[in-house]
Amino acid sequence: MTTSATTTAAAAQRGTTTVSERAVRRIAERATTEALPGRTPHTTATVRGGRAEVSLGVTLPYPAPLADGVRDVQQHVLARTRELTGLEVPTARVEVVALAAPRYSHLPVSPVEEDVRSPAEEDVRRRTTARRWSRRRVPVALLTSLATLACAALAVDLVRVHTAHSPAAAWRVSATHWLSGHGPGDPAVVIAGGLTALLGVWMVVLALTPGLRRRSTVRTGADRVDTTVDRSAVESLIRDTVADVNGITTVRVRVRPRRITVRAGLAFGDRAEASTAATTAARAAVTSCRLRKNPRVRVTVTPEQVWQRPAPAPDEPSTTPAAKEVDQ
């Protein structure tokens, strides 16, 4: 009994260590800066007990494979955050908010060598979530505020009536009299019921749909890591890649979950060759993003008003009528 009491007293004297969310956020920001020098990330952190969740909004260099860059940043941030905080960090969400010209030739964080795993473990490791779910903070905050105000007002009035024997509030008396004089067929009641039904349908849709339609999930090789990329970043990457094709001047890109549409304007050069090169470049850019769903890529090359058909090569035979007469 004496030994147990002494141990308990010693543990109480040592105390406990609490790592705040601000400290975890600053450590994650510092680790992101180490992985991406010169970039200022937007970082949020949540700490629950001995676990922490980190979300990053980063700007990646261009041109560079998005999936490889995100994976390197994730692994570095997870390792540094676990090392410096001592917390378990199972999740690191990375959102690519923009692409910028590189300030260095390669990422300073080298990829971590993958362990040799069984096929079953490899399949679990490469399993990627279909869609990142939105937290619906604005709708939940509005609904919670309205419900809290209504319930609080009703509760306060009921307490006043039953404890202080005060008369009911004027707004409750008026509402009761109004409801008693209007039946189901009244236009005001019908309109109010329709609005309530629409609100209910809207809440059901919000509860059953993931939201965040402008973000696409990216396949990663790290365990328990969810990665999403904004479709505007994918559009910028494809637009810049197709614009590098000779003869292409204007490029318009639209990214959807299952299809990517690219419309390019041709100022000079052969249309067939430019179309083939633009299609190859667009598909290579999409492949480098490593999206969970491989969308179909459709590229349309339209000649501009200044475009002229290329002149035939000197060694090619001419097909004009005058040339035919000379040959004869």
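Predicted model: local features only at pLDDT ≥ 70, side-chain atom pairs only at ≥ 80, totals over all residues.

Reader: Where do Arg80 and Glu83 lie?

Author: Both lie in helix 3, residues 66-85. They are 3 residues apart, about one turn of the helix.

Reader: OK, next pair. What does Asp157 bridge to?

Author: Asp157 forms a salt bridge with Arg172, and their closest N and O atoms are 2.3 Å apart. Asp157 lies in helix 5 (residues 137-163) and Arg172 in helix 6 (residues 170-180), so this pair ties together parts that are 15 residues apart in sequence.

Reader: And why does Asp157 count as buried?

Author: Because its relative accessibility is 3%, and buried means under 20%. Arg172 counts as partly exposed, at 22%.

Reader: How many salt bridges does the structure hold?

Author: It holds 8 salt bridges. Another one of them links Glu88 and Arg51, with the closest N and O atoms 3.5 Å apart. Glu88 lies in strand 3 (residues 88-100) and Arg51 in strand 2 (residues 51-61), so the pair ties together parts that are 37 residues apart in sequence.

Reader: How accessible are Glu88 and Arg51?

Author: Glu88 counts as partly exposed at 38% relative accessibility, and Arg51 is partly exposed too, at 41%.

Reader: Switching to helices. How do helix 2 and helix 3 pack?

Author: Helix 2 (residues 21-35) and helix 3 pack at an angle of about 140°, with their axes 9 Å apart. They are therefore oblique to each other. Their crossing is right-handed.

Reader: Which residues make the contact?

Author: From helix 2, they include Val24, Ile27, Ala28, Ala31 and Glu34. From helix 3, they include Val73, His76, Val77, Arg80 and Leu84.

Reader: Nice. Now the backbone: what's up with phi of His165?

Author: Phi of His165 is near 55°, a positive value in a residue other than glycine. Most residues other than glycine have a negative phi.

Reader: Where does His165 lie, and is it buried or exposed?

Author: His165 lies in the loop between helix 5 and helix 6. It is exposed, with a relative accessible area of 69%.

Reader: What about Arg290?

Author: Phi of Arg290 is near 55° as well, again a positive value in a residue other than glycine. Arg290 has its place in the loop between helix 9 (271-289) and strand 8 (296-303). At 27% relative accessibility, Arg290 counts as partly exposed.

Reader: Last thing, zooming out. How many helices and strands are in the chain?

Author: The secondary structure comes to 10 helices and 8 strands. Of the 328 residues of the chain, 31% count as buried. The chain exposes about 21,400 Å², and carbon and sulfur atoms supply 57% of that.

Terms used: Residues numbered from 1 in each chain as written. Heavy atoms only, no water. Salt bridge = Lys/Arg side-chain N within 4 Å of Asp/Glu carboxyl O. Helix = DSSP H or I, 4+ residues; strand = E, 2+ residues; numbered from the N terminus. Buried < 20%, exposed > 50% of the residue type's maximum accessible area, 1.4 Å probe, protein only. Areas by Shrake-Rupley, 256 points an atom, 1.4 Å probe, with all protein chains shown as cover. Axes fitted to C-alpha atoms, helices over the stretch in contact; angles between N-to-C directions. Parallel < 35°, antiparallel > 145°, perpendicular 65-115°, else oblique. Left-handed = near helix turned anticlockwise from the far one by under 90°. Contact = heavy atoms within 4.5 Å.
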